[in-house]
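The stops below are meant to be taken in order.

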Amino acid sequence: FPSAAKHSCMDSRAVAWASPGGEVSLSADTAPHATLAVSTYADRSLREERVALNRAEARVTALARERQQALEASASAGHAAREMEERLDQLWREERETQPAASLAAEREALAARLGEANAACDSARLEAERLAIELSRASAELEPLLPRQEEDARLYEAAAQSRIQREKLGSQREVAARDAAQATEEAAAAERAERAERQLIAARDAHVKAARRANESHRRIREKVEELREEQAQRTARRAEAVLQLKASTAEAAAAARGASERRAEALARREEKRAAEKVEILEKGGNPYRVFRERDEAARAAADRAKVEARLAANCEEMHARLGKQRAAEAQQQRRVEREREAAERAALEMTSVGSQVKSESYMRRVTKTGATLLDPTSRWPRIEPSQHVTMKDWKFGLGLGKDGDILDMMADKYPNTAASSRAEAAARAAALPEPVAARSILADPVASLTLSPLKSASARALAEEARERGEPADEVVEPELPGLWDDGVPAPPGPPSPLKGATLSVLEKRYMAAARQRQRDNVVVEQTVCGKTWRGPAFVPSEPVLEFLDFEAGETYVKTFALTNVSNSFNSFRPAAFPPEVASFFLLEHQPPGRMVAGRSVSLKLTFTPKLGEDIDTVLLLLTHTGPMSVPIRCAPKKLAVLLQTSALHFGTVVLGESASLTLEVKNSGALGTAFAVSLQRGAGDAADEAGKAVFEAGSGGTITLAPRSKATVSLRFTPAAAGSASALLRLDFGGDWRAEHVELSGSGAQVPIYLPRPMIDLRTCLVGALYRDELRVCNRSAVAQQVALRVPPSLEGCLEFSPVTALVQAHGSVGVQLKFTVLDTLRESCAKHLVEEDTIAFPIRLTVRGQAAPVRFTLRATLTTSELLICGADGETMLHILDFGDVPVTARRQLPISLHNPSSLPQRFGFSSTEPEVLQVQPGDGLGTILPGETLQRSVLFSPSADTRFSLSLECRTSHNRKYSFRCVGRGLITPA
């Protein structure tokens, strides 16, 4: 109903009434709006009519929509019913053609039920559509009386339409103006954005150029730095190699020198033994004791050596004393000069405090800095101007550049530095020669030790010691001088002592009291505390030249003598008195010495101890000395010739050793006795997880057989621990000594640990690989240790160009893993280069090793692959000749000719193939339209069909492609003929 909709749309807006003269007038019941529209809703009668009209139009529209939906539902239900009927007919036909089946019958029954439901739904929808059509006709009939039919209504509608047109025109003009303004604004903004973008692009290009320049410069500097580092590394390596070679040469030279010295010493010892053997025979023939003669000779030689050492020490002491005295006198002279300088400085300071002193200081300064030495430059004040450079010597800018020729400046510098002026200025040599030489230099060059001359000896004791030294042929210690004069000095009277009581006389009570007091004082004075300058001495007052007096390897019945010295190391005078030996050893020892009396600090006295053993047993005793500051003792140790074996330890632990590695330890066997022996080393059965069945393969002794242990020497036994499995292991090392010495046992223990780096997949099997193809796999490297490990993967020479690792060096973190990419390219030459690694026909198993830094046992894995070709053999009809061209000859246009070909797959993998031609309508491959799959080792027959389409000669290309990315092409030639009708 378009007319009703149109009038409804018009009536829903403003309504204006036009007068007969054409003017638009508003009724009294109408109400104008702000938009200049005229509303008819102010008139109640008009409003009711419009409401009724709108309701009728809405009802008509709703009924039309519902009727359309009902028609669509009916059509959909009819379509579904027809499909079900077709399916039911198909089931009937299948059931008639084949034997009846329960499944077909059940499906047919269900489909028949559904068909009935669909037909019922279709009928219901059709009835509903007819009902809605009837209601629609009724509503349309009700709507028709409400439509405006008078001419006044038409004019009113026309006037309202014109008013609306004017308003819409004004609104559209405003919209066009606003759109034009917005477009102009947008174009201006777009131009500004384009300009800004152009500026940014130019700035970006400039920045890119600058960044590229900076990057190139940075890369250049980095390359230069890398080259410098490489050069430094090469130089460092060369220096290190040269140093190692020099060290090796010097070590070899030192070893050769030591070996030569040892040989010469051995030869001298052998000659000495030969000479002594001959002399021993002569002495025995004469009835003498050769051992005593040899011992006396050795003692005399040792005494001469000791005397030479003492003389050298005495000479060194004299030199040291002279040097010390010289330093002391120099220090005293320096101290005296310092005191003199301080006194003069104090006098000058006191003088400067006065006006006279200040004047003298000013005049001295003027004389020193002026050229003429005047104290006043202008006494009368008549000079208009004073130039300092004319009266004072000053260094100008030429000084130091070799341009200065001013004699005043040269004289000033020569006076300031007299020692360097003579050598630095060749032009002033005559003037420098006239300068006085420094007194200090002359005195030092003349006699540097003239002030160290010693005065002659004045003490009688010092003269006596010097005379005694000259008689023995020893150098005299000329600086020895006692601190106090002794009784043996000339002109010193002996101090008077108390009168001794008469022997046998009876003492009175007073004398007895005095005697007891004297004894108590004597006992109190036996040991006194020595304090000098507030420093109290603590400890032994005398130090022996040998800390322990040893008589080793003695024989019962022989006599042995040892001479040693005691030195007073206390702060002042001291004395000593030997005490008696213990009763059990008193008959073995005899001490002889000259009592020195009170000894000054630093003085030494010689003592001789004679040892005469009666039994061959160890003796450990002491020599007791009573000194003024307390008793002290000197240890004495005597040991006969015997065997004394001492092991370094009773248990050796090798710690944790990684499988594939070994740990070495040495066992030191020491013989402190004078008798030698030999011992044998044996390993008993081991135990533990890391030990094998025998246990001895885990622990090994380096030296087999019998080991000789010389007197007072050491022998080492090398032991090695090589774990066979992870876990602990232990063994017992037995040392069997000759003679009466017992067998010694040492416990050996250790533990084996798994290698830190391992591979979860010890074999990488790539299965069947095509020649010329690339295969990838991942090699997972794991680390079971608590520290990071570095792993290096190297390609074997036989697989160069075929195998590649990425990365070649990997750092495996603690308790972590890392994946290494493996790329394997199968080349034609792989069979020849890996011929020794062929385990089967065309199957290689190549062992590859991973190197781990700090791990002796390498990690290995096996790369396994079966090699096969990717070729497809296309032969002619005979099946042997490779196909290159197919000649079909002359073929009529209306006919077809076919030629057979054979396909053979020599690969171990199946292949898919397909033939294609430049003109498929002329050249075809059948069956299968040239497509198919060929199994390994299979041969298929195919036919190539030639169907010419024109009377011309054909030369076509037939191409075969395989799934192994191989392509084969050959030519097919033939001629088409048009036969006469």
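What follows is a walk from the whole chain to single residues.

**Before selecting anything**

This is a predicted model, in which local features need pLDDT of at least 70 and side-chain atom pairs count only at pLDDT 80 or more, while totals for chains, interfaces and linings use all residues. Residues are numbered from 1 along each chain as its sequence is written, and side-chain values use heavy atoms, with hydrogens and water left out.

**Whole protein**

Show the cartoon: the protein has 14 helices and 43 strands. Both are DSSP runs numbered from the N terminus, helices being H or I of at least four residues and strands E of at least two. Of the 981 residues, 27% are buried. Here buried means under 20% relative accessible area, exposed over 50%, and partly exposed in between, with a 1.4 Å probe and protein chains only. Among contacts between residues at least 6 apart in sequence, 64% join residues at least 24 apart; a contact means heavy atoms within 4.5 Å.

**First sheet: select 542-544, then 589-593 and 604-611**

Four strands make an open antiparallel sheet in the order β7-β9-β12-β11. Strands count as paired if DSSP finds at least two bridges between them. The edge strands are β7 (542-544) and β11 (589-593), each pairing on one side only. From one strand to the next the twist averages 30°; axes are lines fitted to C-alpha atoms, for helices over the stretch in contact, and angles run from 0 to 180 degrees between N-to-C directions. Now zoom in on β11 and β12 (604-611), which run antiparallel and are joined by five bridges. Select L591 to find L609 of β12 opposite.

Another open antiparallel sheet of four strands has the order β25-β27-β31-β29. β25 (757-758) and β29 are at its edges with a single partner strand each, so one side of each has no neighbour in the sheet. Two bridges hold the antiparallel pairing of β25 with β27. Pick Y758 and its bridge partner in β27, C782.

**The largest core: select F824, L830, L850, F861 and L863**

These five have the most contacts inside the largest nonpolar core, which has 31 residues. Such a core is a set of buried Ala, Val, Leu, Ile, Met, Phe, Trp, Tyr and Cys residues joined through side-chain atoms within 4.5 Å. In soluble globular proteins, nonpolar side chains tend to be buried together. Elements giving two or more residues to this core include β26 (763-770), β31 (817-825), β33 (843-852) and β34 (859-868). Which residues does F861 contact, leaving aside its neighbours within four places in sequence? They are L759, R761, P762, I764, L779, F805, L822, F846, P847, I848 and L850. Apart from this core lies another of 27 residues, among them L652, F679, L719 and F721.

R767 is in strand β26 and has a positive phi, near 60°, though not a glycine. R767 counts as exposed because its relative accessibility is 62%. H815, in the loop between β30 and β31, is another residue other than glycine with a positive phi, near 55°. At 59% relative accessibility, H815 counts as exposed.

Finish with two cis peptide bonds. One joins S806 and P807, with omega about 0°; P807 is in the loop between β29 and β30 (809-812). Another joins Q926 and P927, also with omega about 0°, and P927 is in the loop between β39 (923-926) and β40 (931-934).
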